[in-house]
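User: I would like to see how structural labels are tested against their definitions. Can you take me through some cases?

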Amino acid sequence: MDIVGLARLQFAVTGSLHFLFVVLTLGLAPLVAIMHTRYAIGGNPLHERMTRFWGQIYVINYALGVVTGLVMEFQFGLSWSGLSHYAGDVFGAPLAMETLLAFFLESTFLGLWIFGWHRLPRGLHVACIWLVTLTAYASALFIMVANSFLQNPAGSAEMGGRLVLRDFGALFTNPTLVFALPHVLSAGLWTGGFVVMGASAYHLFRRTPEREFFTRSLRIGVLTAFIGSLFTVGFGYAQFGPVGSVQPDKFHGVIPGTALGLMITIGQLVQFAVMFVLAPLLIRDLLARWRWLHPLLMVMTPLPFVAAIAGWIVREVGRQPWLVYGKLSVADALTPGLTRADITASFAGFAGVLGLLALVDYVLIARAVRRGPGQVALGAADLPVTAEPVPAHSL
Amino acid sequence: MDIFWFLTFAVLLAGYFALEGFDIGLGVLLPVLGRSPAARDRLVGAMAPFVLANEVWLVALAGVLFGAFPVLEGQALSRLYPLVVALLLAWIVRDAGLWFRRRSGGAAWRLVWDGALCAGSAGLALSWGAILVAVARGLPASPLDAAGIAGGVALLALLAWHGRTFAAWRLQDGPGRSGRALLLSACAAAAPAVLVMAAAAAHMLGNAAPDQTLTVLSVMVVPVAPILVGAQVWVWRTFSRGALPTFF
């Protein structure tokens, strides 16, 4: 493989790993915020347990979202300095806003939420998780604005061999953005709903003592997946018009065509299954009682993740060979002087370390699910600030 | 306008070292100050609620570099390629250590991730020292030489001292536990970055994005700046005193 191919593969691998964790973050954040709000208003201990259990799953998943995201942010300058040279005056603005207006606040408020148990007044603590959700969605907005600019360089003009910003608002009304953003956010809800559904099915199938907890969780998961899948599919089909008008050849290649077929097959079949089978079976909790269905629910859990990655393959491979569509090719954007040794070493490092950590993270999520709401570290008791003398052993 | 964004960049860089510097330093000293698992839990508990709010200064810094100085972003990151890759890998390993160390019960598991936390922190300090030296020398072709390594070791020692001061202040334990001592070590930790920024000022100002871009950035970011500052202050007001949280 040539250097451009290696650099592309590195971006594809780290980007896909990043999105696997981001898509679940986007879906679980509002669910945890709603659970926490219900606890804050009603004071029902079940809602507190739900907040801490699903919140812990959310937080373990978030860890990998952050570390994969760091690589994404720096990779533009490392491998694709031609992009910042040619289009940085336009493309850099939404990325800068993502870091300052969204991620900076998301990370700060998440720290307050994770470590704020037993410290913050209940109302302010709930406000933190809502601010985390809001800023996570703002992140998605700015990143999709930046990506949509690469798909269709709206709001800019070429002057002296570089793109300059002409109309900032046009970045936000980009036809490749307006349906893609709700498509991505809905896919997040669908994924979050399926994870809650699959984990609940596991506990119901195993007949663990947490029957009420997971019967309610199953309901939340299926309803979230119902809403999410409906809008994901709707905003998916809605993109054909605008995409066809700016990138008419997008689906003609083998890879984007296959990925598109895979995404639509999964999306359409599973959306029908949720709408016509799973959602109706929530009546009188039939879905929670019909134990023979639960293995099927567990097996379905990864499907939204697969569809999400297929979706990004369609969007990104479908605009090749362009980095900025019609303006700057991927090959021309490669950092001058980048050697095969550089890119091979960094690819091995990032893919190896992040791939390993991603596996560990999924094992930890599965483990947290299996241990159930009885053993949750999030919100556990504090340590005293002074070191305690070693207590004598007593019986 | 370019001066405003240069100052923003400089403040973010200095703030990163003053704040994240003590997390890095404490991570480096973890096996020294925390001989037992319980002692390490206290040290990590002291810094844990600050880490997420501190490390994000570097994310914001990279964002400002891309938004306001896009040409320099491509230039600097690609010239410093091996150092930036090392920095990122160290950062990832450090964060994984923090997030994972208490997610499973076994003693060996803890030891592995405490090791990752320490090694990652050391890697962060060493690569940052080498990067600052390289920037101060105007991005030489091969940034990893004797001077770069010396810079890395010097920064490691400086941040370790800052981390030690933070632990003494937060845990009210050992010498130099006053807030004034912590302020002093924070200023010292930020000093190398401030000097490098002063040296690079002319070059950065000559390579800022055009006014159109900077104006848009200012209009979007400045109104939100009080919220950014407020959130940071809230973290310090909440976690400076009292019992230690246990999640990390």
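User: How do you know that the span of helix α6 of chain B agrees with its number of residues?
Analyst: The expected span of a helix is 1.5 Å times one less than its number of residues. Helix α6(B), residues 146–171, has 26 residues, so it should span 38 Å. Its end C-alpha atoms are 37 Å apart, which agrees. Helices here are DSSP runs (H or I, at least four residues), strands are runs of E (at least two), and both are numbered from the N terminus. Just after α6(B), Q172(B) has a positive phi of about 50°.

User: What should I know about the model itself?
Analyst: This is a predicted model: local features need pLDDT of at least 70, side-chain atom pairs count only at pLDDT 80 or more, and totals for chains, interfaces and linings use all residues. Residues are numbered from 1 along each chain as its sequence is written, chains are lettered from A and ligands numbered from 1 in the order written, and side-chain values use heavy atoms, without hydrogens and water.

User: What span does α15(A) reach, and what is expected?
Analyst: Its 32 residues reach 46 Å from first C-alpha to last, close to the 46 Å expected. Just after α15(A), G372(A) takes a positive phi of about 80°.

User: What makes R119(A) and D382(A) a salt bridge?
Analyst: The rule asks for a side-chain nitrogen of Lys or Arg within 4 Å of a carboxyl oxygen of Asp or Glu. In this pair the closest N and O atoms are 3.3 Å apart, so the pair meets the rule. R119(A) lies in the loop between α3 and α4 of chain A and D382(A) in the segment after α15, so the pair ties together parts 263 residues apart in sequence. H118(A) is also found in the loop between α3 and α4 of chain A. Its phi is near 70°, a positive value in a residue other than glycine.

User: How many salt bridges are there between chain A and chain B?
Analyst: The count is 0. Over all chains, the structure holds 16.

User: How is the interface of chain A and chain B described, then?
Analyst: By contact (heavy atoms within 4.5 Å), 75 residues of chain A and 67 residues of chain B take part. The two chains bury about 6,300 Å², 80% of it on carbon and sulfur atoms. Buried area is the accessible area (1.4 Å probe) that two parts lose on being put together, summed over both. In chain A, F74(A), F104(A) and F115(A) lose the most area to chain B, together 13% of what that side buries.

User: Which helix gives the most to the side of chain A that touches chain B?
Analyst: That is α3(A), with 25 residues.

User: Why is the pair F19(A) and W312(A) called edge-to-face?
Analyst: Rings of Phe, Tyr and Trp (its six-membered ring) pair if their centres lie within 6.5 Å; planes under 30 degrees apart count as stacked, over 60 as edge-to-face and the rest as tilted. Here the centres are 5.6 Å apart and the planes make 70°. Therefore the rings pair, and the label is edge-to-face. F19(A) sits in helix α1 and W312(A) in helix α13 of chain A, 293 residues apart. The structure holds 45 aromatic pairs over all chains.

User: Where is P321(A), and what joins Q320(A) to P321(A)?
Analyst: P321(A) is in the loop between α13 and β3 of chain A. A cis peptide bond joins the two residues, with omega about 5°.
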